[in-house]
Amino acid sequence: MAARVLQQCVRSLARPSLRLCPVNLALRPAVAPTVTVHRLLSFAADSRRTRWLEQSRISSVGVFCRQYGDLPPLTIETIKDRVMYVLKLYDKINPEKLQTTSHFMKDLGLDSLDQVEIIMAMEDEFGFEIPDAEAEKLMTPEEIVQYIADKKDVYE
Amino acid sequence: MSSRLPVAALSLKQFLQRQKVLGIYRNMLRTIRQVPDEADRKYLRDWARSEFKRNKDATNQDAIRMMITQASNHLEELQKSLALARS
């Protein structure tokens, strides 16, 4: 009787994994998924294994491709867009006058304290620290894009 | 022999002081980043910005040195309070 209860539990758990299977079949054409599910159902009905073992087996049946988390890859275009976006949000810069070649001090009329703030905003946006010595040399958006592409190994 | 440096060039001491001030401003902004509350962070950033901008045009070296010491003290205080708040 315990075997019948277990069988029903397994079937109810296996149903969502069967729903996942078609998706994975599209990614990896293989007959293996359906075969292993059937084998698993019969296996669970036969024996008296512990419940968590079955559940762990079933959860492994549903996922066939590994999923890693990572940021989207950087390209020079995306770096430039992000840099210009951050600069447009800065309150002391006039967004109409902003171009990639505009010098912070000569064209946009900012001073060194503003330049420090801008570089800090870039650090926040891209998630890595820029040391002082190199930060004070970055005076145009173009230079910032070049520096970040350098540091992040983005070539094109 | 006339000097070829432009008139507005800083002397070595002034140049080093300027670098120090910018370094302190940067460290201040980095420390303020670690403050947990967003409103506090904004307030501290505006305070630091206005303090530094207010004294931007000071030319007396001793006055500048005093201000640098004051800023370092403020920065240390902020770092200590953050360390206490975290523990």
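In total, 12 of the 15 residues of α5(A) are buried. This is a predicted model, in which local features need pLDDT of at least 70 and side-chain atom pairs count only at pLDDT 80 or more, while totals for chains, interfaces and linings use all residues. Residues are numbered from 1 along each chain as its sequence is written, chains are lettered from A in the order in which they are written, and side-chain values use heavy atoms, without hydrogens and water.

Helices here are DSSP runs (H or I, at least four residues), numbered from the N terminus.

Move to α1(B) and α2(B). Their axes, lines fitted to C-alpha atoms over the stretch in contact, are 9 Å apart at an angle of about 170°. That makes α1(B) roughly antiparallel to α2(B) (over 145 degrees, on a scale from 0 to 180 between N-to-C directions). Residues in contact (heavy atoms within 4.5 Å) include B:Ile24 and B:Met28 of α1(B) and B:Leu44 and B:Trp47 of α2(B).

Finally, select B:Tyr25 and B:Phe52. Their rings form a tilted aromatic pair, 4.8 Å centre to centre with 50° between the planes (centres within 6.5 Å; under 30 degrees is stacked, over 60 edge-to-face, the rest tilted). B:Tyr25 lies in α1(B) and B:Phe52 in α2(B), so the pair ties together parts 27 residues apart in sequence.

Key: Buried < 20%, exposed > 50% of the residue type's maximum accessible area, 1.4 Å probe, protein only. Helix = DSSP H or I, 4+ residues; strand = E, 2+ residues; numbered from the N terminus. Parallel < 35°, antiparallel > 145°, perpendicular 65-115°, else oblique. Phe/Tyr/Trp six-rings, centres within 6.5 Å; stacked < 30°, edge-to-face > 60°.
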